[in-house]
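Student: Hey, can you walk me through this one? I'm new to it.
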Amino acid sequence: MTETEIRHPVVGPRRYRNGEKMVQGSDPVWQAALDHGLIGIEVDVRSSNSFVVPETGHEFINMCSCDYLGLNSHPAIIEGAIQALREAGTIMLSNSPTRIRHTLDARLEEELGRLFDSPVLLGMSCTALTSGILPLVASGQLAPGGPRVMVFDRFCHFCMSYVKPICADESLVLTCDHNDLDYLEALCRRYPSVAYVGDGAYSMGGSAALAGLLELQDRYGMFLYLDDSHSLSFTGERGEGFVRSQLSMNELTVITASLSKGFGVGGGVAMLGSQHMVDFLSRHGGPVGWSQQMALPLVGASLASAAIHRSPELGELQRKLQSNIECFDGLLPTSFSGNGLPVRRVTVGDSDRAIQLSAELYRRGFYSSAVFFPIVPKGEAGIRIMIRADLSHEMLASLAGHVTELTSAL
């Protein structure tokens with residue numbers, strides 16, 4: 001046998017991801033979702049509560065939208081995007097924002113900094129920010145204390161788990177059970193520097209055990225990296241979110257959030273403990289500094305959204321959302337009832353039942369996404385329902401009635 005005929009194994013150690021196993025376990029379910037017409041749906045949008053499939057005329061209400069306050073169709077935000085495009089005369093500057101950026105970008109960074117009372121860094125997306133920041137936390141470059149043991153919450157969003165292999169090239173990476181503060185404290189006692197990675201408000205429901213996490217930070221200097229995309233705008237006096245509204249920023253905390261959910265536009269933002277961290281990440285944050293910037297219409301839309309966040313309208317929208325959350329909890333109690341957050345999950349067990357439930361709801365005029373492994377653990381499949389401010393109580397009552405009827409028949 002010649003050297004070119006020798007076959008060497010090429011499968012990696014798969015310590016933090018196993019693409020083959022994930023695809024084998026989930027693709028048949030994705031195919032079932034496709035077979036039931038639940039993915040790849042193309043629509044015309046008549047209004048935020050009226051989506052229409054042109055080919056069939058089927059009309060439905062989208063219950064998987066994260067536009068919690070209904071801002072992404074707000075006239076002022078649309079006009080902000082148009083005005084920015086006219087003012088700039090270009091879609092974006094196609095170079096690294098580390099080197100050159102438009103004055104509109106600088107204006108937005110200052111505005112969000114004032115709004116959230118924290119130095120901020122902008123990004124193309126929350127995922128791009130996370131990909132750039134977490135490896136630097138692991139390597140000990142973002143805060144004193146050297147390389148940190150990176151502890152990822154079992155339920156943290158994919159965009160953070162996705163970076164585990166890169167972090168593992170810098171330091172020890174571990175996964176903890178959801179909100180397991182005892183385990184975290186044991187690690188803080190065992191290792192000199194620890195960082196916890198999780199969500200503020202979780203995409204599949206629930207929230208971080210924030211009070212306990214802050215106590216561990218005070219006691220052991222634990223670094224906190226929290227993605228709070230699912231609470232930005234509808235929590236806090238100025239929409240600063242679940243986490244930021246309960247802590248003072250410091251150099252051992254990073255809060256990231258998508259601007260494409262409650263904020264109603266697009267892009268991402270990181271709230272940081274100092275301007276030094278902003279400057280450092282602008283230079284060394286990988287994807288943060290590549291030749292990709294928020295499109296300028298989105299920057300203009302964000303400035304308009306920030307203005308709404310400073311107006312009484314924000315409080316009105318927040319109250320509408322809370323009223324809808326309370327209404328839904330009264331109609332269809334779930335394990336997350338009463339937490340004040342808009343994500344609800346109805347668990348039915350296996351993925352086939354989740355697909356059946358989602359398909360029948362869709363036929364009746366409500367689209368709620370079927371969630372299954374790896375989105376949720378095996379055996380916990382179901383549907384995810386996103387409650388928004390621009391839904392009526394009548395719509396929620398109709399949805400809850402259908403879900404109650406269908407789940408009792410499964």
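This is a predicted model: local features need pLDDT of at least 70, side-chain atom pairs count only at pLDDT 80 or more; totals for chains, interfaces and linings use all residues.

Student: What's the secondary structure of the protein chain?
Tutor: You'll find 13 helices and 14 strands. The radius of gyration is 22 Å, close to the 22 Å that the globule rule gives for 410 residues, so the chain is as compact as a globular protein of that length.

Student: How much of the protein chain is buried?
Tutor: Buried residues make up 54% of the 410 residues.

Student: And what share of the contacts with a separation of 6 or more comes from residues 24 or more positions apart?
Tutor: That's 72% in the protein chain.

Student: New topic: how many aromatic pairs are there?
Tutor: A search of the whole structure finds six. In one of them, Phe-60 and Tyr-367 have ring centres 6.3 Å apart and planes at 50°, so that pair is tilted.

Student: Where do those two sit in the chain?
Tutor: Phe-60 is in strand 3 and Tyr-367 in strand 12, 307 residues apart, so to speak distant parts of the chain linked by the pair. Both Phe-60 and Tyr-367 are buried.

Student: What about Tyr-68 and Phe-234, how are their rings arranged?
Tutor: Their centres are 5.4 Å apart with planes at 75°, so this pair is edge-to-face. Tyr-68 is in the loop between strand 3 and helix 2, while Phe-234 is in the loop between strand 8 and strand 9.

Student: Is Tyr-68 buried or exposed?
Tutor: Tyr-68 counts as buried, at 0% relative accessibility. Phe-234, at 4%, counts as buried too.

Student: Which residues form an aromatic cluster?
Tutor: Phe-51, Phe-60, Tyr-362 and Tyr-367 form one.

Methods: Residues are numbered from 1 along each chain as its sequence is written. Side-chain values use heavy atoms; hydrogens and water are left out. Helices (H or I, at least four residues) and strands (E, at least two) are DSSP runs, numbered from the N terminus. The radius of gyration is taken over C-alpha atoms; the globule rule is 2.2 Å times the number of residues to the power 0.38. Buried means under 20% relative accessible area, exposed over 50%, partly exposed in between (1.4 Å probe, protein chains only). Contact means heavy atoms within 4.5 Å. Rings of Phe, Tyr and Trp (its six-membered ring) pair if their centres lie within 6.5 Å; planes under 30 degrees apart count as stacked, over 60 as edge-to-face and the rest as tilted.
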